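These are my notebook entries on a structure that I consulted for the first time. I recorded what I looked up, entry by entry.

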Amino acid sequence: WFFSMFQEIQLESVAVNVTIQDFVADVESKLFFRNKQQVSEEIMFVFPVDPDTVVYTFYATMGDTRIEAMLWDKEEAQKLHKATSGMENLRYLQDQPDIWGPVFACFLGTLPPNRDVAINLCYIQELPLHTDGAALFCWSRDLFPRHMRFNWQISEDEILENLHFRICLQSACGVSHVDINSSHTPLQYTAPDQTSAEVSLKSTPWHFDDLQLLVYYKGPHNLSAVVESRDPKAAPGSLLGDPVVMVTLKPSIPEVVPSTGQLGEFLFLIDCSLFQDAQVPSEEVFSNTLLFLLKSLPVGCYFNIYSFGATFKAFYPQSVEYTQESMDNAVRRLSSICSDLRGCDLLGLLKSIYSTPRLHEHPRQVSGHKVSFFIQRKISSEEEAIMAEVYRYRDDQRCFCFPVNSCDSFNLCQAISLETKGECVCIHSKLDMTSEAVKCLQQALKPLASETSLHWDLPPGLEVTMIRKTPESIFQGHQSIIYAQIHGQAQDPEADVAAVTLKYLVGSQSFKYTLRFSLFPSAVDRLPVHRMAMMHLLWKLSQDGTSRSEKDIWQNAVTFSLSLGVQSPFTSSIAVRMELMDTWHHDSLPLDSPMLLPPSHNLVPCQLLWCGFRPVWFNSTKFWMVQKFQFCLEMLHPKASDAVVLTKLSSPCKGKLCDFSSLRAVVALQKANGSWDLTSALTSALGLSKAEVKGQRPRKHVKPTAWATVLALVWLHRYKWRVSWSELLEAKSCRWLQDQTEIHLDECLEAANSLLGCLVEPISFRM
């Protein structure tokens, strides 16, 4: 979140009221800026809006003039945009490198010297789940007065005068406590049952810190519900005329799953330019990375590999089950991926993947439904369309992206990962690629909640209509928020309690949680839950392909959008400059009044644009460290490649590193189930002779495959502290050994340790 303008335009004071209900925040803010220069400055307000955020009120006041944003039918708004002078300011904004993604932007014109502008901004957003289960609310440091963040001698009176930041917390489960990275008042409960509380800031976060507020709730953490009363002015049966319930699903997923259960579908998407550019990891390193990923997959999952350039190709027509045969075939085909610099049809590939029916009970993980993207080049002008595809299927997939080196599509990769609750890791050297890719695969292999479903128990006469459906899968450490409309008339007017039950599987183990909630909560003026539900309903109508030809549905969608100020694919923003004396007349007009259309010279450039996601959205500290490391390499040898410099850096300890060619050979020989066959190729890769292996074999009745697997595991374990990406391979082998009988592990380990000069204990194999 940021206010984009010249540094001379300074934020003087802020007044913010935040209401947080479970995992939805309703923010009402007023920001006061002043031009401290002796010259006039042109200013523009820019506010990033992710798909879980809705800006529903914006207006700016300068002297006797007010500039207000409003929604209009999309086609009508486009006509108004053509008649609006100054739209080139917004087009210029789209070309700025430090902004990426959807932003709300409004050009405010010229601010004279020593004059003020007051920005009124209201928005709602779904809050992310912190790792410890708290709701996380953030407010950018750029939206605090700068002089308060860097001046430790500022007086308490000045703080009280320029900082009004009040936070109201509400939850039927009860508010436990808060954690704020800034000085604040004690948490004050405003209800005897501690279901509501208030807290205010006493100072801003220090220096370069954003405000981070963690809200901890009482009671069970698997399920929570917020019911918002109907708008009394709306007709019953409509979305506004009925109560809406927001249910937050946070399934408890154990770390260890008794059964492998649903293992998922893993898709690997490869940019063919990676096999050409000399500045990125070489073809050999990239092939090694894919080899390690393929060998690390669990038996029983489904997978496929796609390469894309001007066109895209798949190893298989559709994902196949991971078996010895399919794995061997995929490994052989790795060498068939060729360089293609003619184009980059990622959009076409995604549409093809998403149009393929998903395999039953297998959540997709696109490692780019788990998906992995390995990307090198810029995706040109299709970023918005790509994100629209990703957003449509975001509840059914998780994407891990690996932009390579100075990839022009880093922002796109970061956005895809954030949208699908995956991860984005920038690859800067040959040493990074395999380890980072396998780390993400480890994350993707964590257990998840599958076959999730909600079951309602309402008083007779009431029904629910789902607005945002329950996702089929929820990944560990994540949540899902669904919305439902409650309609009908209860047969018993006194019936005020309903229940919802969450059911899901983790592997083969079933879980069930039931929550009882009140149907008659207190009314909320700004209807945040209805607004969020409206946003999802409008997106659903858009994704279902509603067009202008479906006049009634389109008109209803426009009416819905205008009624709550929720922008949608059916509407667009316009802004109007008016004198303050005219605002009372504007406020009294109906939403569809033609009098809202002012003369074109009063229109102001204002639009929801696709530019870019703010860099603050990714782990800036990690990115800075990587950039600094790259800078150090260039300083050591400015004209040398990564490989040359890294070789020089590592030469003093070369003897301590394992032979990667031997490591690759050992890994390549591992079977899909995790075992190794006792072959001359394996003994050679382990640096042993056939006679040594045969002579040290503990007992004749120990199967050769078991003996070979123990040997390979001991050999890999010797390098584990240097080659962390072998963990998944070892784990798969250990599971295979656990399923075997009469392997005489102690004797095998003793013989393997003696042969390889190691000291590996049975506990290292988790047996």
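Predicted model: local features only at pLDDT ≥ 70, side-chain atom pairs only at ≥ 80, totals over all residues.

I began with Glu-436, which is buried at a relative accessible area of 15%; buried means under 20%, exposed over 50% and partly exposed in between, with a 1.4 Å probe and protein chains only. The side chain of Glu-436 meets that of Lys-439 in a salt bridge of 4.0 Å, N to O. I took a salt bridge to be a side-chain nitrogen of Lys or Arg within 4 Å of a carboxyl oxygen of Asp or Glu. Lys-439 is partly exposed, at 44% relative accessibility. Helices (H or I, at least four residues) and strands (E, at least two) are DSSP runs, numbered from the N terminus.

Residues are numbered from 1 along each chain as its sequence is written, and side-chain values use heavy atoms, with hydrogens and water left out.

How many salt bridges does a search of the whole structure find? I recorded 13. In one of them, Asp-116 and Arg-34 meet through their side chains at 3.0 Å, N to O. Asp-116 belongs to strand β7 (residues 116-126) and Arg-34 to strand β2 (residues 24-35), so this pair ties together parts 82 residues apart in sequence. Asp-116 is partly exposed at 38%, and Arg-34 is partly exposed at 25%. I then looked up Arg-166 and Glu-198, whose side chains form a salt bridge of 2.9 Å, N to O. This pair links distant parts of the chain, with Arg-166 in strand β9 (residues 163-170) and Glu-198 in strand β12 (residues 196-200), 32 residues apart. Arg-166 has a relative accessible area of 33% and Glu-198 one of 27%. I also found Asp-26, Glu-28 and Arg-526 linked in a network of salt bridges.

I counted strands as paired if DSSP finds at least two bridges between them. β15 pairs antiparallel with strand β14 (residues 223-228) over 6 bridges, and Thr-248 is the bridge partner of Ser-224. Strand β27 (residues 480-488) is also joined to β15 by 6 bridges and runs antiparallel to it; there Ile-482 stands opposite Val-247.

I traced an antiparallel pairing with strand β24 (residues 448-457) over 6 bridges, in which Lys-503 partners Ser-453. With strand β29 (residues 509-518), β28 pairs antiparallel over 10 bridges, and Thr-514 is the partner of Thr-501. The hairpin of β28 and β29 has 2 residues between the strands, and Gly-507 takes a positive phi near 65°.
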